[in-house]
Amino acid sequence: MSQDLLSSLVGNGPAMQQVKKLILQVAKTDATVLILGESGTGKEVVAQALHSVSARADKPFIPINCGAIPGELLESELFGHEKGAFTGAITARKGRFEMAEKGTIFLDEIGDMPLPMQVKLLRVLQERIYERVGGSKSLECDVRVIAATHRNLEDNISEGKFREDLFYRLNVFPIEMPALRERPEDIPDLFDFMFQKIKGMNREIPIVSEKAMIALQHYAWPGNVRELGNLAERLSILFPGISVDYEDLPEKYQVELLDDAALIKVDNSALIEKETAHETSASVLMGSDQQGQELNDDSVVESEVNSVNGFGPMPDLETGLDLKSYLVEMEVQLIQKALAQTDGNVSQAAKLLQTNRTTLVEKIRKFNLS
């Protein structure tokens, strides 16, 4: 049942599985949650999903963007005001905390909250009471607080832009949303999700070709899921009910694919590494002790190769050797060993192999590894 409620969190890759696991763990408590991640990664979707699987699911979920409201109005928005509290306050008004009573309040872009308001929010988190603007009566607060930001709050603290004590009050249980470029395996599912929403509005949807989808999986997506949704909308307008091939994609999405593995980005801010099997295997064959030395003795060479677990003796070159296949086999074995040593944790395996996580995910997909 809980997994069904998390259906809005599209993706079954390891990164999203970890996010869903954290949501289900913290949903059982009333702990304050801080959602971190770049703009457009779906932080509000995570907050809504967390609320939907918590004990407060039948109570209100009240979002507020702290960066979109001027500082002088934010206090009234959060805590409400009494009649006559300021010019234009012709009636008393509830604030977002009062609206969210017994439910959840989502403080988006908390890093943009002015310092004076940070002090007042800290008091609410510590004492669970607040007053309306212009009022003197203290109101008790029973609200689950979820905050989110795309900023590095620790950097903001060092710059004097964010209170350290508030950060520790908010950062009880952090959940980091991965950037879309870090989970390319989820991109086909995300497009299908977006297209189904469009189809639900009685509109025809396009059919994205395999080559086009591969290119989209290798694009860096600086705008993350928000950018993907915009592209899905654009393609549905341009190609209703017909196929979208690689050449039909807007130019910046036409990532040039070389040898199915090495990639060159076209008009893209983020450069994806070009890594070949030869480069990876060469680094394995050249141990740090041996770099720059001539290895003339066949027995020394064979000993060096045998020092890498999983590889047999040096093949007999007299009968010929398919170098490309041999290097690919070595690379596959290294990836499998790294995954085994880290219990399938792709991020840790990437650190062992000294490569980017996105590069390793692509190789796992290419070689059909699990």
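Let's start with His 51: it is buried, at 7% relative accessible area. Buried here means under 20% relative accessible area, exposed over 50%, and partly exposed in between, with a 1.4 Å probe and protein chains only.

A word on the source. This is a predicted model, where local features need pLDDT of at least 70, side-chain atom pairs count only at pLDDT 80 or more, and totals for chains, interfaces and linings use all residues. Residues are numbered from 1 along each chain as its sequence is written, and side-chain values use heavy atoms, with hydrogens and water left out.

Back to His 51. It sits in helix H3, residues 43–52. Helices are DSSP runs of H or I, at least four residues, numbered from the N terminus.

What does His 51 touch, leaving aside neighbours within four places in sequence? Arg 56, Ala 57, Lys 59, Pro 60, Phe 61 and Thr 104. Contact means heavy atoms within 4.5 Å. Take Phe 61: ten residues from His 51 in sequence, 7.1 Å C-alpha to C-alpha. Now Thr 104: its side chain makes a polar contact of 2.7 Å with that of His 51. That term means a pair of N or O atoms within 3.5 Å; within protein, one must be able to donate a hydrogen and the other to accept it, and residues adjacent in sequence count only if both atoms are side-chain atoms.

Next, cysteines. Cys 66 is buried at 1% relative accessibility. Cys 141 is buried too, at 8%.

Last, confidence. Mean pLDDT, the predictor's per-residue confidence from 0 to 100, is 83 for the protein chain, and 82% of residues reach 70 or more. Over residues 259–310 it is below 50, and that stretch has 74 contacts in the model beyond near neighbours in sequence.

Methods
Helices (H or I, at least four residues) and strands (E, at least two) are DSSP runs, numbered from the N terminus.
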